[in-house]
Amino acid sequence: MASRRQIAILPGDGIGPEVTDATLTVLDTLCAQRALPLQWQVLPWPSTEWHRQHGAMMPDDALQQLHSFDALLLGALGDPGPASDSARYCLPDAVSLAPLLTLRKQFDLWSCERPARWQPGATCYLSDPRARDVDMLVIRENSEGEYVNQGGRLRAGQPDEVATQLEVFTRRATERLLRHAFVRARQRRSRRQQEGRVRTFSSAAGETHDARVCLITKRNAQPFWGELYSEVFAAIASEFPDIGTHHELVDAACMKFVQCPWQFDVVVASNLHGDILTDLAAVLCGGPGIAPSCNINPDRRDLPPLFEPTHGSAPDIAGRDIADPRATLLSAAMLLDWLGEDDTQFSEAAHQLRAAVGEDLARHADQVRSTRRIAHDIRDALRATPHPAVPHTAPPAHTGDSQ
Ligand code: IPM
Ligand code: MN
């Protein structure tokens, strides 16, 4: 029997505590039902409230403490809300959000992965019926690029002020990121094969592939890192001849995410480009309330990965029990997937949790329910199906992705 896994729950600010509470309600049932060897500890930091009491977002030894966990699940950080309370204790973004960026960087969680698959019940903002076939994984560089936070302001506030914001792109970080994108493309294809799904992607040159990776840059205006990415991409692509490739400039990618999002499979982008594209991908699949994410170091099982919904602290709805907890539940499923790489009982639990959230979405769509109601509905559905769901296998069904 594998050892018990310890995870830290970091509710954070705003709707964070509401969506993590809801998630724990569901995890409680899932763990009890499957006798899953999983334990959690809820930490009061990082948070704006901790800052109010202690003058810092988290204790000095926070990283050391977090290092001992197998994984971290974060609610949200930022404005704690409620927005109607103008006297609330609020911090500059640079302070309240810093722990998030610190955790990503200090634990070298260089791959931020945000799956975007439209599911029945989710709002579909696009009228083209093919928009229901959207199924992409956006992988965002998470350790450097535009987020290195180097630069400064010279003569701040003066008419001749100069602000500099440095971007750093290393070959090492580029290689590991791009190689990982190809690995994920192969994994996604085998999962599709197990589920009896086939996708076909056509290239401009008339070739077809059943899996592909899209590289995003802005190499027409930012040639230095754009060329580095493009060269490394071409070299790694030659190691994966079975995976199709294409490149999009980030502005054109935004257009195509709206025009023909079903043509994307794995998308790999820099830190900032990935940040922007993943909000767009989230809304294509129904919105931030159901968009999960993870920050992982695929090479290091000894560092705690961080799982979090793509949304923020939503001060406008904080404290009202109306936040959608399903993005956090789906992030928890990604956490279980990670633990499942060492122990399949976690992967089976991840599968069951994801299926339960999917069924809840199909049944209730965006019907107005409280955060707690959604958690209770999903928990009750899990209770009603005590036998683990078995991954669905069916004869191949074809999903056309070409124009
Ligand atoms: C995200 C968020 C963060 C980011 C902010 C809160 C710093 O937008 O996780 O996408 O830009 O990475
Ligand atoms: Mn973002």
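Guide: The residues that line the second largest pocket comprise 10 nonpolar, 9 polar and 9 charged. Here Ala, Val, Leu, Ile, Met, Phe, Trp, Tyr, Cys and Pro count as nonpolar, Asp, Glu, Lys and Arg as charged, and the others, Gly among them, as polar. This is a predicted model, in which local features need pLDDT of at least 70 and side-chain atom pairs count only at pLDDT 80 or more, while totals for chains, interfaces and linings use all residues. Residues are numbered from 1 along each chain as its sequence is written, chains are lettered from A and ligands numbered from 1 in the order in which they are written, and side-chain values use heavy atoms, leaving out hydrogens and water.

The second largest pocket holds about 770 Å³ of space. A pocket is an open set of points on a 1 Å grid over the protein atoms alone, where a 1.4 Å probe fits, with protein on both sides within 12 Å along at least five of seven lines; lining residues have an atom within 4 Å of a point. Grid points are joined across faces, edges and corners, and the volume is the space filled by probe spheres set on them. Of the 28 lining residues, Asp-93, Leu-97, Leu-100, Leu-101 and Tyr-147 are the closest to the centre of this pocket. Two or more lining residues come from each of strand 3 (71–76), helix 4 (93–96), helix 5 (98–106), strand 6 (145–154) and helix 9 (271–284). Helix 5 gives the most, with 7 residues. Helices (H or I, at least four residues) and strands (E, at least two) are DSSP runs, numbered from the N terminus. Domain 1 (1–107 + 304–403) and domain 2 (111–150 + 167–298) each supply at least three residues to the lining; the domain bounds come from an automatic or database assignment.

Let us turn to the ligand. Around ligand 1 stand Leu-97, Arg-104, Arg-114, Arg-140, Tyr-147 and Asp-275, each with a heavy atom within 4 Å of it. The distance from a ligand oxygen to a side-chain N or O atom is 2.7 Å for Arg-104 and 2.9 Å for Arg-114. For Arg-140, a polar side-chain atom lies 2.7 Å from an oxygen atom of ligand 1. Taken alone, ligand 1 exposes 320 Å², of which the protein buries 76%; such areas come from the Shrake-Rupley method with a 1.4 Å probe.

Note on methods:
Polar contact = N/O pair within 3.5 Å; in protein donor to acceptor, adjacent residues only side chain to side chain.
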